[in-house]
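Welcome, and thanks for taking a look at this one with me. Below is a short tour, starting with charged pairs and moving on to the chains themselves.

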Amino acid sequence: MDGAWYQRFPKIKIREMKDDYVKFELRETDASMANALRRVILVEVPTIAIDLVEIKANTSVLSDEFIAHRLGLIPLTSERAMNMRFSRDCDACDGDGQCEFCSVEFHLRAKCMTDQTLDVTSKDLISSDHTVVPVDFSGSTGFDSSEQRGITIVKLRQGQELRLRAIARKGIGKDHAKWSPAATVTFMYEPEIHINEDLMESLTLDEKISFVESSPTKVFDIDPRTHQVTVVDAEAYTYDEEVLKKAESMGKPGLVEIYPKEDSFIFTVESTGVFKASQLVLNAIDILKQKLDAVRLSQDTAEVDDQFGELEAHMRGG
Amino acid sequence: MEHTSFGDQRNATFSLNEEDHTLANALRFTLNQDPRVMFCGYSIPHPSEARVNIRVQTTGDPAREVLKDACQELMQMCQHVRTTLDNAVADFKKESSRR
């Protein structure tokens with residue numbers, strides 16, 4: 001059925017991986033595939049974030065909607081998100097979108113009793129589901145004790161109180177940025193650098209040094225013994241063409257040639273903490289497959305053909 | 001939603017709601033790799049409206065079948081990427097625990 005299909009089997013190699021950061025190489029695929037992956041990671045992977053806030057008491061200096069906005073932006077661990085339903089699709093609840101299948105309930109009670117300022121932070125949010133809690137940033141770097149207290153929501157003076165109930169729901173970044181699981185996602189083309197050795201030999205050592213230093217990032221280096229210019233870090237090249245302009249200004253235009261490899265990409269994904277970075281990429285691939293499935297299966301509903309068939313016939317006068 | 005002329009199944013424009021460049025560009029690339037496709041392109045009629053028109057013209061097969069095959073192909077590519085990523089993560093963890 002496929003005939004002479006040219007199958008592409010992309011290759012992946014992981015360079016670095018931490019809990020919230022992964023850097024990997026994607027080879028033998030097209031830019032459209034890499035871009036589709038980047039776009040899905042950024043806006044289409046579902047997470048859980050606070051979406052509805054009922055304020056019972058608020059005598060703090062920030063207004064109700066201000067606090068509600070800040071609560072929405074707090075990242076919540078969302079492993080459950082892929083299996084959860086959207087509130088609008090849930091048939092178990094009686095229409096208010098607050099049942100246990102499609103939402104998670106949070107409570108916050110804080111009152112400042114002492115004359116010291118009380119910091120209300122994300123750690124004070126109490127969840128009804130222990131798998132969905134505000135992301136804990138302490139312990140990763142941990143050298144600064146202020147990071148261990150969680151994200152500050154509001155500060156209270158003596159006598160001020162904040163009591164509220166919040167509902168968190170599943171959503172995607174396209175609707176609101178609070179549901180985006182990625183801090184940054186970038187990909188760059190891997191550069192291929194060729195140094196013309198003959199032309200390079202014709203330069204003096206000073207010229208070589210000034211050439212190496214003309215690059216804003218450290219791409220080249222000079223071996224101190226042999227005085228040869230070598231490529232030390234090809235990927236530090238940011239596709240500014242400073243080295244090419246420098247070569248031209250020195251009168252040697254073909255000195256170095258730099259091409260981006262058209263099917264080789266270096267992805268950097270940084271997560272906000274709601275998923276592990278590797279889990280984020282895996283979820284993104286699953287979401288991409290689901291979208292393709294939806295397109296493939298929707299082609300089976302053909303009712304529009306009939307409408308247009310009649311319209312065509314009518315317009316032809318038949 | 002497929003807009004096609006009555007008798008000719010080879011050429012059609014598919015209008016996808018609630019989609020954007022994410023899916024359309026990847027599908028366009030996959031369709032262009034298929035030797036049965038004479039022409040393939042996509043456009044977004046208005047950026048405020050989430051709709052994509054994909055035009056497919058083939059050498060003989062119904063355009064709808066060719067589009068379905070392209071979706072299938074892209075899904076297999078995604079599955080391959082997923083398993084490759086899983087293996088790469090496992091390998092990386094083994095490497096770093098050894099060190």
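## Salt bridges

Searching the whole structure turns up 29 salt bridges over all chains; here a salt bridge is a side-chain nitrogen of Lys or Arg within 4 Å of a carboxyl oxygen of Asp or Glu. Before we go further, please keep in mind that this is a predicted model, in which local features need pLDDT of at least 70, side-chain atom pairs count only at pLDDT 80 or more, and totals for chains, interfaces and linings use all residues. Residues are numbered from 1 along each chain as its sequence is written, chains are lettered from A and ligands numbered from 1 in the order in which they are written, and side-chain values use heavy atoms, with hydrogens and water left out.

## A network in chain A

One of these pairs joins A:Arg15 to A:Glu235, with 2.6 Å between the closest N and O atoms. Distant parts of the chain are linked here: A:Arg15 sits in strand β1 (residues 11-18) of chain A, and A:Glu235 in the loop between β11 (229-231) and α5 (242-249) of chain A, 220 residues apart. Helices (H or I, at least four residues) and strands (E, at least two) are DSSP runs, numbered from the N terminus. A:Arg15 is partly exposed, at a relative accessible area of 27%, and A:Glu235 is partly exposed at 24%. On this scale, buried means under 20% relative accessible area, exposed over 50%, and partly exposed in between (1.4 Å probe, protein chains only).

A:Arg27 and A:Glu190 also meet through their side chains in a salt bridge, 2.8 Å from N to O. This pair, too, links distant parts of the chain, with A:Arg27 in strand β2 (residues 21-27) and A:Glu190 in strand β9 (residues 182-195) of chain A, 163 residues apart. A:Arg27 is partly exposed at 28%, whereas A:Glu190 is buried at 9%. Both pairs have their residues in a network of salt bridges that links A:Arg15, A:Glu25, A:Arg27, A:Glu190, A:Glu235 and A:Lys261.

## A bridge between the chains

Which residue of chain A meets the side chain of B:Arg82 in a salt bridge? The partner is A:Asp286, at 2.4 Å from N to O. This pair crosses between chains, from helix α2 (residues 63-98) of chain B to helix α6 (residues 277-298) of chain A. B:Arg82 is buried, with a relative accessible area of 18%.

Chain A holds seven helices and 12 strands. Of its 318 residues, 41% count as buried. Among contacts (heavy atoms within 4.5 Å) in chain A between residues at least 6 apart in sequence, 74% join residues at least 24 apart.

Four strands of chain A make an open, antiparallel sheet in the order β3-β8-β4-β6, where two strands pair if DSSP finds at least two bridges between them. Its edge strands are β3 (47-58) and β6 (126-127), each pairing on one side only. Strand β3(A) is joined by 10 bridges to β8 (residues 161-171), and the two run antiparallel. Within this pairing, A:Ile50 stands opposite A:Ala168 in β8(A).

## Chain B

Chain B has two helices and four strands, in the order β-β-α-β-β-α from the N terminus on. Its radius of gyration, taken over C-alpha atoms, is 18 Å, well over the 13 Å that the globule rule (2.2 Å times the number of residues to the power 0.38) gives for 99 residues, so chain B is more spread out than a compact globule. The C-alpha trace spans about 65 × 35 × 15 Å along its principal axes.

Buried residues account for 48% of the 99 residues in chain B. B:Gly60, in the loop between β4 (51-58) and α2 of chain B, is partly exposed at 43%. B:Gly60 and B:Ser97 lie 37 residues apart in sequence and 55 Å apart in space, C-alpha to C-alpha.
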